[in-house]
Amino acid sequence: MSGIRVPVISQIVSLAIKKGSGDMSPFVRKAAALAIPKCYRLDPNTSPQLLEYLSALLGDKQYYVAGAAVKAFMEICPERIDLVHKHYRSLVKKLVDMDEWSQLATLRLMSIYSRKCFPKRTRRVRKTNGVQAFYEDEEEGEEEETVEVVQVLDPDLELLLKSIKPLLQSRNSAVVVAVARCYVNLATPEYISTAIGPLIALLRGPQDIQHIALYNIVSVCITRPEEFVKYASHFLVHSTDPPQIWELKLELLTLIFPHCDAHIKSLILNELEHFSRSSDQELVREALGAIGRCAQSDARTSARCLRLLLNQITSLDGNLVAESLTVIRHLIQQDPGSHTNTVIRLAKNLDTATNSRARATIIWLIGEFAGINGENNIAPDVLRILAKGFADEAEQVKLQIVLLAAKVYLHHLNRSDVSIEVKKPTSTVPHDHLPIEGFAEMDESNNLDPSQQPEPEHPIASLWNYILLLARYDTSYDLRDRTRLYKTLLAVPSSTQLASLMLLAPKPAPHTPSPSESRTGFTLGSASLVVGGDGGLHGLRGYEALPKWIEAGKEPDPSLRESDTTKLEYNEKRVIPAGDRLDSAIKDSGLSSSPSKTNGVGAGGKKKTLDDWLAEDEVEEEDNNVDEDEDDEDEDDEDEDDEDESEGSDDESSDVSEEEGEDSDDDNEHDRLVK
């Protein structure tokens with residue numbers, strides 16, 4: 001009836017829910033709890049009545065009724081935490097017996113309740129890291145005291161955390177993830193460690209469950225990678241894994257890489273080296289990115305990682321080469337002084353590199369090393385070669401060529417210490433006798449002494465001017481604007497401080513984040529965690545993050561969670577569950593089960609002996625004999641009653657015949673008198 005979407009019958013549905021919530025059958029009460037959200041959607045004005053019924057159903061003794069009530073509560077009034085206070089402990093105890101859907105709703109409710117009612121308290125614990133002497137006469141080692149901040153759990157919160165621990169063995173993967181979410185958001189590190197094993201066990205399931213489980217594992221691994229080191233073998237890529245699974249597995253391998261020992265590190269690098277030679281180009285790119293992240297996290301393995309990456313720059317796939325060079329550039333920036341030969345090797349590959357992004361990366365690296373070794377640097381010669389094919393390059397390559405020219409020219413100016421000599425005139429010529437421009441200057445230049453003729457322009461300055469001329473007539477607006485900026489910066493050779501600050505400033509070493517870094521703010525088990533950045537900054541529509549921890553001193557009184565053991569007085573308006581009615585009726589009537597119905601257990605809870613069984617059989621036989629005797633006596637009584645009835649009927653018939661005889665005599669006497 002609650003499924004009929006007619007608002008007119010909302011009051012009838014509400015009345016039916018009221019009767020159903022007090023029914024003796026728990027299944028009827030469960031149906032009434034499930035009908036509450038439907039009635040609320042029909043008519044929100046029935047909310048006060050429904051909340052009254054819901055409050056009673058939350059305290060029901062049957063776990064499946066309470067689970068249905070929790071689901072209804074989370075749909076219509078999840079903010080009414082005051083209704084949960086008195087039922088908190090009973091719900092926690094029933095949580096293990098509920099069905100999976102009710103467990104998910106209850107775990108969500110308990111996470112919100114814990115954040116709003118239990119403040120996060122911490123305390124400082126001092127720990128001594130001293131070495132005790134083996135012999136008494138030896139001196140003890142120096143003790144170092146360290147202060148560690150430890151979280152203090154509320155007793156009711158600890159009751160919840162201990163009660164949901166068996167659910168980690170649930171057959172439902174969603175329940176396992178929900179328990180892990182509670183531990184990550186509410187518990188101490190000890191509880192989180194217990195949830196990691198069941199999360200890893202989900203990888204044995206189907207591929208769709210593996211996919212969702214890996215997202216949750218990555219989210220936990222970002223904050224606690226050392227806990228997953230012992231499960232490194234579970235993250236190795238299989239030949240049957242689809243792309244969405246091996247991407248997450250490679251990310252997990254890079255997250256745990258800096259926390260592994262030398263053997264596991266070698267194993268991970270061997271795996272990545274194998275996948276870098278795969279025929280699947282997407283897998284090769286992910287493997288190269290993983291190698292770069294491993295090299296950034298552990299400097300001791302950077303040489304091996306760089307060697308693996310340099311083997312890929314001769315590949316025929318331009319995108320693959322570009323990806324390799326990007327990772328190589330990040331590694332070189334971490335320690336520029338030790339990679340001069342690497343840059344020279346990359347410069348030799350400019351003739352064979354065809355991808356524009358790869359060529360731009362190499363040119364940028366050459367520009368960063370343009371100031372090393374002074375005149376013996378390869379940057380001017382590389383610039384000379386690139387200037388020949390400037391017009392045929394892509395736009396991003398042209399931008400890097402202009403930047404390289406600016407850096408080379410700036411280094412040249414800083415080395416040469418150019419001083420501008422201002423020529424002063426020796427004699428003043430009247431304005432009327434000024435020579436005609438053009439031919440007069442040619443005559444003066446021809447009359448100059450050979451010693452006074454200007455020196456030839458330096459090749460680097462000529463290259464700079466040539467590049468400026470090429471970029472001046474290019475079709476790209478961005479290229480022309482940047483060229484004008486560099487030209488203005490280097491227009492005054494004696495003032496290069498601003499240009500040096502802009503072009504030659506040291507660049508910080510880039511750090512490549514993990515691909516799932518943007519998902520760390522979402523809670524475990526949510527769809528926004530899987531979708532990630534595609535769902536927006538705040539997740540998908542309808543996503544609700546857990547509330548923040550309540551401040552100490554503002555939490556509700558813990559006495560509200562105390563169960564009321566006093567006898568409830570009768571109240572006509574109060575809805576009493578049917579289970580309570582049945583229990584009270586049995587107690588009032590004083591009924592007790594007979595010894596024969598205790599299934600072999602005596603009244604005192606002890607097992608029956610053979611004598612008890614025989615005595616019980618004798619009692620039953622005597623009872624049967626007594627019943628038979630009573631039946632015989634009843635039959636005799638019935639026979640006597642039948643005889644009495646027959647005699648009575650004979651007497652009545654004789655009386656009737658006598659009366660008839662008397663009547664006939666009276667009639668004869670009357671006739672005689674008349675005659």
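A: Neighbours within four places in sequence aside, Arg 80 is in contact with Leu 51 and Phe 73 in this predicted model. Arg 80 sits in a loop, the one that runs between helix 4 (63–76) and helix 5 (88–94). Along the sequence, Arg 80 and Leu 51 are 29 residues apart, while in space their C-alpha atoms are 9.6 Å apart.

Another arginine, Arg 181, belongs to helix 8 (residues 173–186). Arg 181 is buried, yet Arg 181 has no salt bridge. The nearest side chain of opposite charge is that of Glu 544, 12 Å away, whereas a salt bridge needs a side-chain nitrogen within 4 Å of a carboxyl oxygen. With neighbours within four places in sequence left aside, the contacts of Arg 181 are Leu 107, Arg 108, Thr 523 and Leu 524.

Next, the cysteines. The count of disulfides is zero, where a disulfide is a pair of cysteine sulfur atoms within 2.5 Å. For Cys 221, the closest cysteine sulfur is in Cys 260, at 9.4 Å, which is too far for a bond. Cys 221 is buried, because its relative accessible area is 1%. Cys 294 is in no disulfide either, and the nearest cysteine sulfur, in Cys 305, is 6.0 Å away. Cys 294 has a relative accessible area of 0%, so Cys 294 is buried as well.

In helix 16 (residues 340–348), the residues Thr 342, Val 343, Leu 346 and Ala 347 are buried. These residues lie on the same side of helix 16, because they cover an arc of only 140 degrees around the axis. An α-helix has 3.6 residues a turn, so residues three or four places apart point the same way. On the other side of helix 16, Asn 341 and Lys 348 are exposed. The buried residues of helix 16 are covered by parts that include helix 14 (302–310), helix 15 (318–334) and helix 17 (356–368).

Methods:
Residues are numbered from 1 along each chain as its sequence is written. This is a predicted model: local features need pLDDT of at least 70, side-chain atom pairs count only at pLDDT 80 or more; totals for chains, interfaces and linings use all residues. Side-chain values use heavy atoms; hydrogens and water are left out. Buried means under 20% relative accessible area, exposed over 50%, partly exposed in between (1.4 Å probe, protein chains only). Helices (H or I, at least four residues) and strands (E, at least two) are DSSP runs, numbered from the N terminus. The arc is that of the directions from the helix axis to the C-beta atoms. Contact means heavy atoms within 4.5 Å. Lys and Arg count as positive and Asp and Glu as negative; His and the chain ends are not counted.
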